[in-house]
Amino acid sequence: MSVPVRKQVIWWGVAALALFLAMWLLGQAILPFLLGAGIAYMLDPIADRLQRIGLSRTMSVVVITAGAVLLLAAVILLIVPVLLRQAASLIETAPEMLDQARAFVSAHFPELVPEGGTIGSAISDLGKSMGEQLGKVAGTLLGSVRGVFGVLALFVIVPVVTFYLLLDWDRMVTRIDGLLPREHAPTIRRLASEVDQALSGFLRGQGLVILILGTWYSIALALVGLPFGFFIGIMAAVLSFVPYVGVLVGGATAIGVALFNFWGEPLWIGAVVVIFAVGQIVEGNYLQPKIVGGHVGLHPVWLLLALSVFGVLFGFVGLVLAVPLAAAVGVLARFLTERYLESPLYTGQAAPPEPELPLRVELAPRGTLKAELHAAYLREEAEEIAVLEHQDDKTEKG
């Protein structure tokens, strides 16, 4: 006998509520484990591929771990210092660039920025406070990162969790599959497969796109000689997970810096414009269609909404989980839409009644019933004759 639908809804609702409460109350404590699980999820296909070429699971995980450690060390030693230095320099220079832009607009277009006007005072206030505010934001972010992760969580807990989860990933998935409720196991497997396709397609595909764009923008802007070009290129690539945002923000910043530093040299300003135009053309016509593809199912607006909502609800943990939760909610929404389109609520027709249980009929060869009746008749006659004979015997003896 199946469990009633109302009771199932109650149980699943309680489970979802418990999950959200755990994220809200224990978010900072479980964050390193969530990061480790996410990294293990990303690296599992590489481990599977190494297994297919002949390595054991343990050896595959050791090779991946060694490569990840070397890559992380190279990033920390070579890239992070440059990014921090250029970001700090850009924050310090931004007020001066805004003041120069305001002076240029005031000199050439005085009607747009009247002295003491609202726009002029706003730009002036923005220029004065930008360095201070950006410094506070950067300090807050760095402080929160230190508070959330800590040196221990960042360099010890996350790698250890990643190593062990990656080692036991396939067994863990099999075990979870064995714990699924049998009645809903096929549906849950289907939804989990769709979530996996959406999530892996976005993370791995978009990660490769960001890597390619970051390499192009940072190297090209550095070769042009644009100040802060390496930081601007990386920033534009990271923001490119939302179409047009990366090229607009990064391009506007790069062109503003180029105008500030290359004024009177239109060749170099045009070179900066060409770099971002080439990047946008390659991203839109090759990288996104070929690498990410159209099967991902994560609309940029939906992704931004998820980042905003989960970030407000759960802080940094919500930002980390925003992409997988957005993929899961999107798949569930499509599944519920399919069910709605098949339901009487949409079609306006009552659901067909459930068929009655079939009547079981046992077939016998022709003449079987007649033979059984004849045999029963003979048995009854034999019993009657036996009774009469028994009574006659008693009479004779008496």
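Visitor: Which residues of α8 are buried?
Guide: Keep in mind that this is a predicted model. A residue counts as buried when its relative accessible area is under 20%. In α8 that gives Gly246, Val247, Gly250, Gly251, Ala254, Val257, Ala258 and Phe260.

Visitor: How far does helix α8 reach from its first C-alpha to its last?
Guide: Helix α8 covers residues 245–261, which is 17 residues. At 1.5 Å a residue you'd expect 24 Å, and the model comes close to that. The reach is 24 Å.

Visitor: Is α7 roughly parallel or antiparallel to α8?
Guide: The axes of α7 (residues 229–238) and α8 come within 7 Å and cross at roughly 165°. Angles over 145 degrees count as roughly antiparallel, so α7 and α8 are roughly antiparallel.

Visitor: Which residues of α7 and α8 make the contact?
Guide: α7 passes α8 in a right-handed crossing. On the α8 side, the contact is made by Gly246, Val249, Gly250, Thr253, Ala254 and Val257. On the α7 side, look for Ile232, Met235 and Ala236.

Visitor: How many aromatic pairs does the structure hold?
Guide: One of them is Tyr41 with Trp169, a tilted pair at 6.3 Å centre to centre with 50° between the planes. That pair links distant parts of the chain, with Tyr41 in helix α1 and Trp169 in helix α5, 128 residues apart. Altogether, the number of aromatic pairs is 3.

Note on methods:
Residues numbered from 1 in each chain as written. Predicted model: local features only at pLDDT ≥ 70, side-chain atom pairs only at ≥ 80, totals over all residues. Heavy atoms only, no water. Phe/Tyr/Trp six-rings, centres within 6.5 Å; stacked < 30°, edge-to-face > 60°. Helix = DSSP H or I, 4+ residues; strand = E, 2+ residues; numbered from the N terminus. Expected span 1.5 Å × (residues − 1). Buried < 20%, exposed > 50% of the residue type's maximum accessible area, 1.4 Å probe, protein only. Axes fitted to C-alpha atoms, helices over the stretch in contact; angles between N-to-C directions. Parallel < 35°, antiparallel > 145°, perpendicular 65-115°, else oblique. Left-handed = near helix turned anticlockwise from the far one by under 90°. Contact = heavy atoms within 4.5 Å.
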